[in-house]
Amino acid sequence: MSLLGMLKSKLLGGILTGDGDERVAFRCNICGMQCRVERSAIGREIPSCKGCGSTVRMRAMIHCLSMELFGESKVIGDFPNDLHLRGVGMSDWVGYADRLAKKFEYTNTFYHQEPKLDITDIDINMEGTLDFIISTDVFEHIAPPVSIAFENTHRLLNEGGVFVFSVPYSLDSSPVAFEHFPDLHKYRIEQTENSFVLHNVTEKGEVQQFENLIFHGGEGATLEMRSFTLDSLYNEFQKAGFHDVRVHGESFEEFGIYWDGGWSLPITARAR
Ligand SMILES: [Zn+2]
């Protein structure tokens, strides 16, 4: 390793291993465990906590939530118990959902099972009732037009309520997302011998067929509907009425949160 690399390693609190890979120590802000792993084993989607299996994305969602609620980054176990704080997760990871439910009036919701939340069709009685909403890597799967989901999220939040959000996105300059099925209306996904086909009938009655579908986390479950760009997200947040939109590219080494690029970073935004 170069002198610069060693210096960087020292600054990051890292420890060099025999094979030259750097080990970093961190505390998981979800389960509280002290961890020490190779730096190369830390990534957005790589489970790196040996206690709960959290990834950088999961720890970053909690880091962002904590910063927005309390102005500092805490381990969930150190969050104050506050049953007046009302929040909702959209298919949140069980690793932090169960812990948040012990701290707050928090409900993890699902699209296909109870407790249900279809963010494209919300209950008006829930409008303005939530202090926070968490949605990580969900909005790329919502049927178009996705703007409704941003608008309804804003409606559910109370004044100053915070949206803690992530999706995969590129830094392409397009001001709108690349919709894979822009005229999706009445559709079904059919499994063929070795792939999946999406059959759609548009609102105007045109029959469409799509192959080469992209699924996340298990085929057939989570169809990718679009590729966001950062600019398209800024536009959606603004159109929906959010302000203080912040992209969280900051590393937070104490909790093992490192980012290597400017894409797919968590975003927070405030309602009203
Ligand atoms: Zn953990």
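Helices (H or I, at least four residues) and strands (E, at least two) are DSSP runs, numbered from the N terminus. Residues are numbered from 1 along each chain as its sequence is written, and side-chain values use heavy atoms, with hydrogens and water left out. This is a predicted model: local features need pLDDT of at least 70, side-chain atom pairs count only at pLDDT 80 or more, and totals for chains, interfaces and linings use all residues.

**Stop 1: Arg 57**

Select Arg 57, in helix H2. Is Arg 57 buried or exposed? Its relative accessible area is 11%, so Arg 57 is buried. The side chains of Arg 57 and Thr 136 make a polar contact at 2.7 Å. (A polar contact is a pair of N or O atoms within 3.5 Å; within protein, one must be able to donate a hydrogen and the other to accept it, and residues adjacent in sequence count only if both atoms are side-chain atoms.) Leaving out residues up to four places away in sequence, Arg 57 touches Arg 44, Glu 45, Thr 136, Asp 137, Ser 166 and Trp 259. (Contact means heavy atoms within 4.5 Å.)

**Stop 2: the zinc ion**

Select the zinc ion. Which residues coordinate it? The SG atoms of Cys 28, Cys 31, Cys 49 and Cys 52 do, at 2.3 Å. (Donors are N, O and S atoms within 2.8 Å of the metal, or 3.2 Å for Na, K and Ca; water is not among the atoms, so sites may look incomplete.) The angles among the four donor atoms run from 98 to 117°, and the site is tetrahedral. (Four donors count as tetrahedral if all angles lie between 85 and 135 degrees; four count as square planar and six as octahedral if opposite donors are over 155 degrees apart and all others between 65 and 115; anything else is irregular.) The donor residues follow the spacing C-x2-C-x17-C-x2-C. Cys 31 sits in the loop between strand E2 (22–27) and strand E3 (34–38), and Cys 49 in the loop between E3 and helix H2 (56–70), so the pair ties together parts that are 18 residues apart in sequence. Cys 31 is partly exposed at 26% relative accessibility, whereas Cys 49 is buried at 6%.

**Stop 3: helix H3**

Colour residues 94–103, helix H3. Its buried residues are Gly 95, Tyr 96, Ala 97, Leu 100 and Lys 103. Their cover includes H2, E4, strand E5 (104–109) and strand E6 (130–136).

**Stop 4: Arg 86**

Go to strand E4 (residues 82–90) and pick Arg 86. Arg 86 counts as partly exposed, at 37% relative accessibility. Beyond residues up to four places away in sequence, Arg 86 touches Glu 105, Thr 129, Leu 130, Asp 131 and Phe 132.

**Stop 5: helix H4**

Select residues 147–156, helix H4. Seven of the ten residues are buried, so H4 is largely enclosed by the rest of the structure. Among the buried ones are Ser 147, Phe 150, His 154 and Leu 156. Zoom in on Leu 156, with a relative accessible area of 1%. Its contacts, not counting residues up to four places away in sequence, include Leu 117, Ile 119, Met 126 and Ile 133. The C-alpha atoms of Leu 156 and Asp 131 are separated by 8.8 Å.

Terms used. Buried means under 20% relative accessible area, exposed over 50%, partly exposed in between (1.4 Å probe, protein chains only).
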